[in-house]
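Hi,

Here is the structure I promised to pass on. Have a look at it first, and then read my notes below.

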Amino acid sequence: MGLVQVATNTVTSATANVTLTGISDDSVYMVTGVGVGVETNIREVNMRITKSGSPQSDSEYDYAYKGLISNAGFTNVSSTNQTFIRWDSDLGTGTSEFSNFIIYLHNFNSSSEYSIVSFEIPTWVTTPQIFGDIGGGIHTQTSASNGISLKWDGTATFSSGEMVLYKVI
């Protein structure tokens, strides 16, 4: 397995949305996030599929994940017919709080199959504790997608991080 970098977005100041586009064939694609921070306490990340570079806000997203919490146990989260795919970061504004992630993107270039994502998200907070979400989601529309857009819930903005879209070869 190899990776070819397609797009990069490095956040160095308050940024509301991070969009990564460039999916142009039927390959599997991967998005990584390193050192991702938020400027408001306790926030979740909302992901949308992009078509022609625009995030899709229809109610056609389903998702599920298992939350792994180092000092508590497990949570199971799922939802259907939402306007996003969500994962729980519980990330705050502490100077050493950050999240990393890997997201795999399947069927994105297909106009006859649903776009599917799977994700692994470890997060460190200053409680101290570590969270981890493992799950996936689907956009139940059969039209070609060319990327993803990430946004914190509410009006929170990204404060740091590097997010990269790769083609898996």
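Predicted model: local features only at pLDDT ≥ 70, side-chain atom pairs only at ≥ 80, totals over all residues.

Lys-151 is partly exposed, as its relative accessible area is 31%. One polar atom of its side chain lies 2.7 Å from the backbone oxygen of Gly-154. Setting aside residues up to four places away in sequence, Lys-151 touches Ala-16, Asn-17, Glu-44, Val-45, Asn-46 and Phe-158. If you go from Lys-151 to Arg-86, you cover 65 residues in sequence, while the two C-alpha atoms are 9.7 Å apart in space.

Asn-46, one of those partners, is worth a stop. Asn-46 belongs to strand E4, which runs over residues 43–51. Is Asn-46 buried or exposed? Asn-46 counts as buried because its relative accessibility is 11%, and the cut-off for buried is under 20%. Its side chain makes a polar contact of 2.9 Å with the side chain of Arg-86. Beyond its neighbours within four places in sequence, Asn-46 is in contact with a run of residues that includes Phe-84, Ile-85, Leu-150 and Trp-152.

Trp-152 takes us to the aromatic rings. There are six aromatic pairs in the structure. One of them joins Trp-152 and Phe-158, whose ring centres are 5.3 Å apart with 50° between the planes, a tilted arrangement. Both partners are buried: Trp-152 has a relative accessible area of 0%, and Phe-158 has 1%. Elsewhere, ring pairs tie Tyr-63, Tyr-65, Phe-84, Trp-87, Phe-101 and Phe-119 into a cluster.

Some of these names come back when you look for empty space. Rolling a probe the size of a water molecule over the atoms shows where such space is left. How many cavities of 30 Å³ or more does a search of the whole structure find? The search finds one. The largest cavity holds about 30 Å³ of space, and its lining is made up of Val-36, Val-45, Trp-87, Ser-99, Phe-101, Trp-152 and Phe-158.

Nonpolar side chains tend to be buried together in soluble globular proteins. Here the largest nonpolar core has 32 residues, and Ile-103 and Leu-105 touch the most other members. Strand E3 (residues 29–38) contributes the most to this core, with four residues. Once neighbours within four places in sequence are left out, the contacts of Ile-103 include Tyr-29, Met-30, Val-31, Met-47, Trp-87 and Ile-148.

Two serines to finish. Ser-115 lies in strand E10, residues 115–125, and counts as buried at 1% relative accessibility. A polar contact of 2.9 Å links its side chain to that of Ser-145. Leaving out neighbours within four places in sequence, Ser-115 also has Ile-49, His-106 and Gly-137 among its contacts.

Ser-143, by contrast, is in the loop between strand E11 (129–139) and strand E12 (147–152). At 27% relative accessibility, Ser-143 counts as partly exposed. With neighbours within four places in sequence set aside, Ser-143 is in contact with Lys-51, Ser-110 and Ser-111. Thr-12 is 131 residues away from Ser-143 in sequence, and their C-alpha atoms are 33 Å apart.

Cheers

Terms used. Residues numbered from 1 in each chain as written. Heavy atoms only, no water. Phe/Tyr/Trp six-rings, centres within 6.5 Å; stacked < 30°, edge-to-face > 60°. Buried < 20%, exposed > 50% of the residue type's maximum accessible area, 1.4 Å probe, protein only. Core = buried A, V, L, I, M, F, W, Y, C linked by side-chain atoms within 4.5 Å. Contact = heavy atoms within 4.5 Å. Polar contact = N/O pair within 3.5 Å; in protein donor to acceptor, adjacent residues only side chain to side chain. 1 Å grid on protein atoms, 1.4 Å probe; cavity = no way out; pocket = protein on both sides within 12 Å on 5 of 7 lines; lining within 4 Å. Points joined across faces, edges and corners; volume = space filled by probe spheres on them.
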